[in-house]
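Let's take a walk through this protein model together.

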Amino acid sequence: IYMADTAGNVELDGEHYNIADREYFSCGMQGHSFLSSPVINRATGRRVIVFGSPIVIQGQITGLVFVTKRVEDLYEPFGVPFYNGDGYSYVTDAAGNVIIASLHMDSNKTAGSIFEFADNARNAPDSIQAIRDGMDAGREWAGTLYDGHEDSFFCYVPIDIPHSGSGNWYMVSLVPVGKMMRNGQAILLRTLLLCAAVVCLT
């Protein structure tokens, strides 16, 4: 746990740091709890997300209290697979920059932005623009997209959490269309077999 005074000064293990230039510091000094975009921790050099709140004494903000979490420590809780293990998700900002990457074996682990794999000749420019416009406006979006390897069902929703950055954060999820179709066909086959069994029994 860290504490900063109203000038942004932080003392840690005898070392002095200043965070007055950080966006989350300004947010906290305005009286808001905050969750930062990834930043470099000046004490450790690690990429972290900062969670914190202002310290208020007798109605006056006297500083901030905050904790940091390494970005890679958030990969697992945010990266839980779905749709029988075939689907995976990223957390991005409103510009599509990846904040928390997916560890799924089929995901693009090197992309700094979802548009690195979305911007290609297989995807219609209108669809890419619709994705950008939706993120800018804080809306949800769903459709199919070629992710650089295969066609995938692609969707995103805003994450309703307060943070100190500009724009929304999004949970962006992908499921390969081929795997969805195979699962759908298997469900249909089981339904047909069940119907046939009911007919035979009657």
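Predicted model: local features only at pLDDT ≥ 70, side-chain atom pairs only at ≥ 80, totals over all residues.

Leaving out its neighbours within four places in sequence, Tyr90 is in contact with Val98, Ile100, Ala101, Ser102, Ser107, Asn108, Phe117, Tyr170, Met171, Val172 and Leu174. Tyr90 is also one of the residues with the most contacts inside the largest nonpolar core, a group of 20 residues.

A second, separate core has 14 residues, including Tyr2, Ala4, Ile19 and Tyr24. Here's some background for that: in soluble globular proteins, nonpolar side chains tend to be buried together.

**A closer look at strand 8**

Is strand 8 enclosed or open? 6 of its 6 residues are buried, so strand 8 is largely enclosed by the rest of the structure. Tyr88, Tyr90 and Thr92 point one way from the strand, while Ser89, Val91 and Asp93 point the other way.

Thr92 is worth a stop. This residue of strand 8 counts as buried because its relative accessible area is 0%, and the cut-off for buried is under 20%. If you skip residues up to four places away in sequence, Thr92 touches Asn97, Val98, Ile99, Ile114, Met135, Asn168, Trp169, Tyr170 and Val172.

**The sheet around it**

Now zoom out a bit. 5 strands make an open sheet in the order 9-8-12-11-10, with antiparallel pairing. Which strands stand at the edges? Those are strand 9 (98–100) and strand 10; each has a single partner strand, so one side of each is left without a neighbour in the sheet. From one strand to the next, the twist averages 35°.

| Strand pair | Bridges | Opposite residues |
|---|---|---|
| Strand 8 and strand 12 | 6 bridges | Tyr90 and Val172 |
| Strand 8 and strand 9 | 2 bridges | Val91 and Ile100 |

**What about the cysteines?**

How many disulfides turn up in a search of the whole structure? The count is 0. Take two cysteines, Cys27 and Cys155: are they buried or partly exposed? Cys27 is buried, because its relative accessible area of 13% falls under 20%. Cys155, with a relative accessible area of 21%, is partly exposed.

**The whole chain**

The chain has 5 helices and 12 strands, and buried residues make up 38% of its 202 residues. Its accessible surface comes to about 11,400 Å², and 56% of that belongs to carbon and sulfur atoms. What share of the contacts with a separation of 6 or more comes from residues 24 or more positions apart? Those residues account for 43%.

Technical notes:
Residues numbered from 1 in each chain as written. Heavy atoms only, no water. Helix = DSSP H or I, 4+ residues; strand = E, 2+ residues; numbered from the N terminus. Buried < 20%, exposed > 50% of the residue type's maximum accessible area, 1.4 Å probe, protein only. Contact = heavy atoms within 4.5 Å. Areas by Shrake-Rupley, 256 points an atom, 1.4 Å probe, with all protein chains shown as cover. Core = buried A, V, L, I, M, F, W, Y, C linked by side-chain atoms within 4.5 Å. Pairing = 2+ DSSP bridges. Axes fitted to C-alpha atoms, helices over the stretch in contact; angles between N-to-C directions. Disulfide = S-S within 2.5 Å.
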